[in-house]
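Welcome! Have a look at it, then try each task before reading on.

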Amino acid sequence: MTGIRLHAPAPGWAIDADVVVVGSGVAGLTAALRCTAAGLRTVVVTKANLDDGSTRWAQGGIAAALGEGDTPGQHLDDTLVAGAGLCDEPAVRLLVTEGPDAVRRLMATGADFDRTDDGEIALTREGGHHRRRIAHAGGDATGAEISRALVEAIRERGVRTIEHALVLDLLKDDEGRTAGVTLHVMGEGQHDGVGAVRAPAVVLATGGMGQVFSATTNPSVSTGDGVALALRAGAEVSDLEFVQFHPTVLFLGAGAEGQQPLVSEAVRGEGAHLVDADGVRFMLGQHELAELAPRDIVAKAITRRMAEQGAEHMYLDARHFGAEMWEHRFPTILAACRAHGIDPVTDPIPVAPAAHYASGGIRTDLGGRTTVPGLYACGEVACTGVHGANRLASNSLLEGLVFAERIAADIAEHGPHREGVAKNEDGEVLTLVAPEARREIQRIMTRDAGVLRSAASLTAACDALEALRQDTEEERKAAEPGVDSWETTNLLCVARVLAAAALAREETRGCHWREDRPDRDDEKWRRHLVVRIAADRRPVVRVTEGADFPPVTPEAP
C-alpha cells in the first residue's frame, strides 16, 4: 500500500466562466443547456468523452405521468411506497408534478421516444409502478437516445467543453464560497495537466459510485468523484447507506468484476418471470406485484433463494416473448446476452443482483443547493430526498432532468456571486491512495457491505478501510499523482462514509438489509443519517431528529 502526501495541486492554467458543470449525463447537460440559454458563460467538464456519461447506459426509460388515466398523484404514491418511509414528500411532489413537462421539453430538444401505431408515446411498466408510465427509446436504448439528443444540442449551441478531465477539488474564495474547480486533463494541448475553471457556481452531476463494489452495472468512470470532492469541501451527504442492487444483472461467473450487463426491469415489465433452476416462480406470494415488486424486495428474494439452494444465480425466463419481440423491443439486451453465449429466445437468462444506484448523495434543497455556498448537485451524485431508502424504477433520469432545470433557474435568478477571489488551499493536505488498492477496497465492500450486511461485517469493513487509510498516511511513499490514484482516493473516501452510515443504521429498510436487524424500525430509524468528514478525515454521522428531510442551509466555513 503506497501513497503520496501533497498539497492541493496548484493549477497550471485557468479559464473563467459563470458556471462550471461537472458531468455529461442527462443532469449535467440539461443544466448546461439551461444555463447557456439564460446567457451564462457555461463550461462542461467531463471525465471521458461528452457522450460517455452514465445516462447512455440507461435501458428502461424515464418515468412520468404521461399516459391516459395516470396522474402525478399516482406516481407520487408509488414513489413514496418504494422509498420505504424516507422520501421527502415535497421533493417527490415537485418531481412528479414538473416531470411531464420536463420530458416534453426534452423531446423538444431532440430526444425521440418510441411511439405506438397511433403516434402516442409508447409506455411500459417497471417494478413498483402500478401504471404504464415508462417512456423508452430504441426499445431498450433510452439513455443512449437521450444522451445523443443532449450532446447534439450542446454542440449546436457552442457550449464550451473540456473532455477527459477528472475534477479534483473545489476552489473557494476568501469568504468560503465556491469559486471553481481544479481538474486534471488527460490529454494534450492547451488544457493538459492540472488546471482550473474559475466560476462562482459549480454544478456537480458526476453520477454514482458503483465502482466501489467489485461487480456493478456502472461504467468504469463511476468512482464517487463528486461525493468525495463535496466531502473534502465540507459539504454534507445523506442516505449513503441506501445502495440499490439491481435484481437482474447478467451473471457472468462468481469472479466477474467491473461493469456487468444489465437486464432491464422493463423485461419483467413486459411479462418475464423469475424462476429458479427447477423453473419455480419464487416471487409469487412474496409481493402483490410479484416480479414487479420494488427492486429491494426482488433483490432480497433472489438473494434468499440463492442462499437456500446454494446457487450462484437465478433465471429470468422470457422465452415466451419470441424472437420478433426480443429483436424489436430489447435489441441491446438480446445482443449483450448473445455476446456471452446466451440466447434469451431459447434459454432463460442467468441473473444475480449487482450494485446499481446510490439513492443517497450530496444533500441538496429543492433548488439543488448544497451546504457549501455556490455548490450545486443533481442526478445520482445528489440526495434530493426523492428516492428515500430505495429508488423507484426509472425515476433517476426524471430526477436529473427536473432538478437540473431548477438549478439553472436558481443560478440565473440570483446571478453569479463574484465578490471574492479564487484561491488554492495551500494548507490543505491530502494523501493520494495508490491504484493497486482499488481492488482491495472493492473486495472489502462487496464482502462486508453488499446486499447482506450485519454489525460484524460492517465493523470489519470500517476497520479494514481505516487500515488502508492509515497505511497510506504512515508509509508516505511515492504514488504517481494521476487519474488512477485520484479515483482510488475517491473510492476509499466514499467507501468509508458508506460503511460508517450502514453500520449506524441498525435496522432493515429499503435497499439497506441488515441480517442482524431484519425488521424495519419506524419508531427509532424513520430518520436520516447525515455525514460530514472531520478534520482528521474520519466520517462523522449525525442522526436527524425525525423523518422530515433536514433543511439545507449553505454556510460558509
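**Exercise 1. Find the helix that holds Ser147, and decide whether this residue is buried or exposed.**

Step 1. Ser147 belongs to helix α4, residues 142-156. Helices (H or I, at least four residues) and strands (E, at least two) are DSSP runs, numbered from the N terminus. This is a predicted model, in which local features need pLDDT of at least 70, side-chain atom pairs count only at pLDDT 80 or more, and totals for chains, interfaces and linings use all residues. Residues are numbered from 1 along each chain as its sequence is written, and side-chain values use heavy atoms, with hydrogens and water left out.

Step 2. Ser147 is buried because its relative accessible area is 6%. Buried means under 20% relative accessible area, exposed over 50%, and partly exposed in between (1.4 Å probe, protein chains only).

Step 3. Setting aside neighbours within four places in sequence, Ser147 touches Asp51, Thr55 and Arg56. Contact here means heavy atoms within 4.5 Å.

**Exercise 2. Work out the strand order of the five-stranded open sheet, and name its edge strands.**

Step 1. The order is β8-β4-β3-β12-β21, with parallel pairing. Two strands pair if DSSP finds at least two bridges between them.

Step 2. The edges are β8 (160-162) and β21 (375-377), each of which pairs on one side only.

Step 3. On average, neighbouring strands in this sheet are turned by 20 degrees against each other, direction ignored. Axes are lines fitted to C-alpha atoms, for helices over the stretch in contact, and angles run from 0 to 180 degrees between N-to-C directions.

Step 4. Now zoom in on one pair: β12 (residues 201-204) and β21 are joined in the parallel sense by three bridges. There, Val203 has Tyr376 of β21 as its bridge partner.

**Exercise 3. Describe how helix α1 sits against the sheet, and list its buried residues.**

Step 1. Helix α1 (residues 26-37) lies across β3 (19-22), β4 (42-45) and β12, and runs at about 165 degrees to β4.

Step 2. Nine of the twelve residues of α1 are buried, so the helix is mostly covered. They are Val26, Ala27, Gly28, Leu29, Thr30, Ala31, Ala32, Leu33 and Cys35.

Step 3. These buried residues pack against β3, β4, α3 (89-109), α4, β12 and α10 (395-414).

Step 4. Just after α1 comes Gly39, with a positive phi of about 85 degrees.

**Exercise 4. Follow the pairing from β17 through β18 to β19.**

Step 1. β17 (residues 273-275) pairs with β18 (residues 314-317) in the antiparallel sense over three bridges. Val275 has Tyr315 of β18 as its bridge partner.

Step 2. β18 also runs antiparallel to β19 (residues 349-358), again with three bridges. Here Leu316 is partnered by Ile349 in β19.

**Exercise 5. Which helix holds Asp78, and what does this residue touch?**

Step 1. Asp78 is part of helix α2, residues 72-82.

Step 2. Asp78 counts as buried because its relative accessibility is 7%.

Step 3. Apart from neighbours within four places in sequence, Asp78 is in contact with Gly128, His129, His130, Arg131, Arg133 and Leu392.
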